[in-house]
Amino acid sequence: MECKRKKEWPESNDSNRATTFPDEVLERVLSLLKSHKDRSSVSLVCKDWYNAERWSRSHVFIGNCYSVSPEILTRRFPNIRSVTLKGKPRFSDFNLVPPNWGADIHSWLMVFEKKYPLLQELRLKRMTVTDESLEFLSLSFPNFKALSLLSCDGFSTDGLAAIATNCKNLTELDIQENGIEDRSGNWLSCFPESFTSLEVLNFANLQSDVNFDALERLVSRCKSFKTLKVNKSITLEQLQRLLVHAPQLVELGTGTFSEELTAQQYSELETAFNNCKNIHTLSGLWEATAQFLPVLYPACTNLTFLNLSYSTLDGDDLAKLLVHCPNLRRLWVLDTVEDKGLEAVGSYCPLLEELRVFPADPFDEGIVHGVTEAGFIAVSSGCPRLHYVLYFCRQMTNAAVATVVQNCPDFTHFRLCIMNPHQPDYQTDEPMDEAFGAVVKTCTKLQRLAVSGLLTDLTFEYTGKYAKNLETLSVAFAGSSDWGMQCVLEGCPKLRKLEIRDSPFGNAALLSGLEKYESMRSLWMSDCNVTMNGARYLAKEMPRLNVEVIKEEGIDNSKADKVYVYRSVAGPRRDAPPFVLTL
Amino acid sequence: MQGDSSPRSMLTESKEDNLVLSSEDSSCPDESELELGLGLSLSHPRLKSQPPPTTQYARILTAMDFSSSASSSASSSSPNATAGTKRAADSLVASNGPSQVVGWPPLRAYRMNSFNNNHSKSPATEAKGNQTAARKATDNGSNKNNSIAKEEAHIRRSLFVKVNMDGTPIGRKVDLSAHGSYENLARALEDMFNEPATKGLNGEDRGIVVGAKKRHLNLLDESSNFVLTYEDKEGDWMLVGDVPWDMFLNSVRRLRIMRTSEANGLAPRLEEKKSRLRS
């Protein structure tokens, strides 16, 4: 182990009941601990253990980049090799946070360059990353191996080019769903010919064409490729050639999945998939049509995760495919499959644990059906192990949800989005309170809940009363009064993240959580009834919380439109833009 | 419990650090945290029409809802032409539909981008039902494109329909809202189906091609070998061009470029339908 601290071994006499391990032994033991929860517990035992834990920790996870500063981090943990950082509040994904809000990685990188020169991995979510930062990263850390950017913004493909050019030991480059400026696909050609270490490459959400020859050579010389997710520009014929070079792939994201092929090309594609015996994750599949899905069948036997959320398949096509996927654990689909498709899910995927149904037409521009409560029930009947659901629909009933959770009582993540705000149970015209009441009463392991539809305070009474393991709650257009939010704040002991928009909760609700917020990661309230005075009061009473208000111009100055509250040991932000008021 | 020092404050600063950095593993791998971007409308051709369940939702618009102008000026710069009239009807309804609220339904922008990349972006139109000030892309240039894309994500309207041509096995899709008129649409389709089959990266021709030579479709010309037809929301096949453009956009489900020889049966049906509507 590097950077050992020496400590004198105290005399062990008979009167000393407790034996003391030498630090090296303790650190060695603790280095086997991977879970952050366990490490946190360990560090609380005593000072010795705290110290041993901090020296032996190699990976750190920071759920809110403003909760701590890079200086504090590096002081406590000297030997970090891998950092995971999350930045902006989650509602920034839906344009509720103005651009230039912050969460810039650069100040972290400057400190890491000095304190963590051996840094290997950086995983960022909702951070701002510039091309300059990416270049700096690529040049400052010679051992750098893995870069993962999810829902970040501020960079272009030029930054990726710097990574490809300079990171000689790169094993992972995972670029997902970012606000990236896609200037060209040339970055992929920047991997040197001598470079052979890549194992994970995901550029599925980039648009530009890449040089296919460069990609093909890259895949063929990197013998340890496990994960390859290409973008739409890659054709079926090109995909076939890639698969021939990398039949050992474990995760595959295809390009566009329809093309005019000769019979021979079609058969070569089939063969290529047939030779991929290890695929357990499949995604991409843009424009997949019934004509081409059969080439996948031989590769589907071991499939555990199928992401069809870019394919406008109908129920029949889905059914034909799912027959070949008996081991599926996770499935993402578009609602073009409709209830019929979901019946097929219930029939053919008994091991299913996670289902996400996304809307193909969220703004109701065509004639849309999507999925209904019937499909939801059908899946729950056939898939008793279902514990994660994200379901976008246009109609739902209380009775259906009650049935679903009766069939599947082990939900840990229940995210239901009835797309029209304030929509009641369409059969009874009542609020959807009983639906979510059933969820929290039945699913005792529930960790994450997102509610929708017409909801009164009753939903939140139920939540506070029953959801004892709830950690994350997302609320939109719901509730009747402050009481609702109070119930949640007072009743959910494990609550960590609470995000609320467009709901009638005001200062009384906000302040009822005074004691609570320090045990939470963050609170977000936008377009509720909180005023500047309420927010200021909170800030005054709880100095260890950062209370920030995002002020849009030209709006009534006494209202606090967007309030973001989070605990921090780093004090107020020093990089806040003008529209973020720190109270 | 105001003013009580929380139990945590009794411990050292190290405990505070620990509190902040404490276990916050997401219980699912990062991939499972993914959510969607603001979605794009995909007109699904085989959907059957269905009346809305209650009056609370958008009702199906009739010809009465459209302005009398044939809106030949409706080009890609004003997708409101169709969407606007629909929104006008919606605004009569009490609650806001999903498309009038910022950031709702909660979908990420990247999903929209994945469908949009082949089409030029239409300029942002007025923000709909947006309580916050319109966000200009004033940040550093590198984010400009996507900020605009995100801005447009909840105001852009697209209307993709499938197009099949007799004799061509693979269908295509066309975004009707990107065309302002029948002439525009016809020209686009002629280009689309005149191309040789999928080109390889180096431009070489590949794959089976039904009819490698250019065909002059002249879809709106009665003397051509092909006619352009569409299936409307009642499941009837109609000749394209008979009704005002807006009305066409509202009722079209998919397109078919039909051989003239097969299309002969359409005309009487069209007349039949018209007389049905009149009575």
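Two strands count as a pair if DSSP finds at least two bridges between them. Keep that in mind as we walk through this model, which is predicted.

Let's start in chain B. Here you'll find an open sheet of five strands, and their order across the sheet is 2-1-5-3-4, with mixed pairing. Look at the two edges: strand 2 (172-175) and strand 4 (237-239) of chain B sit there, each pairing on one side only.

Now zoom in on one pair. Strand 3 (residues 226-232) and strand 5 (residues 252-259) of chain B run in the antiparallel sense, paired over seven bridges. To find your way along this pair, pick out B:Phe226, which stands opposite B:Arg259 of strand 5 of chain B. Which helix packs on the sheet? That's helix 5 (residues 182-194) of chain B, and it touches strand 1 (160-165), strand 2, strand 3 and strand 5 of chain B. Its direction makes about 155 degrees with that of strand 2 of chain B.

Over in chain A, let's look at two helices. Helix 6 (residues 131-140) and helix 7 (residues 157-166) of chain A pack with their axes 8 Å apart, at an angle of about 5 degrees. Because of that angle, helix 6 of chain A is roughly parallel to helix 7 of chain A. Residues making the contact include A:Leu134 and A:Leu137 from helix 6 of chain A, and A:Leu160 and A:Ile163 from helix 7 of chain A. Sorted by class, this contact has six nonpolar, three polar and three charged residues.

Definitions and conventions
Residues are numbered from 1 along each chain as its sequence is written. Chains are lettered from A and ligands numbered from 1 in the order in which they are written. This is a predicted model: local features need pLDDT of at least 70, side-chain atom pairs count only at pLDDT 80 or more; totals for chains, interfaces and linings use all residues. Side-chain values use heavy atoms; hydrogens and water are left out. Axes are lines fitted to C-alpha atoms, for helices over the stretch in contact, and angles run from 0 to 180 degrees between N-to-C directions. Helices (H or I, at least four residues) and strands (E, at least two) are DSSP runs, numbered from the N terminus. Angles under 35 degrees count as roughly parallel, over 145 as roughly antiparallel, 65 to 115 as roughly perpendicular and the rest as oblique. Contact means heavy atoms within 4.5 Å. Ala, Val, Leu, Ile, Met, Phe, Trp, Tyr, Cys and Pro count as nonpolar, Asp, Glu, Lys and Arg as charged, and the others, Gly among them, as polar.
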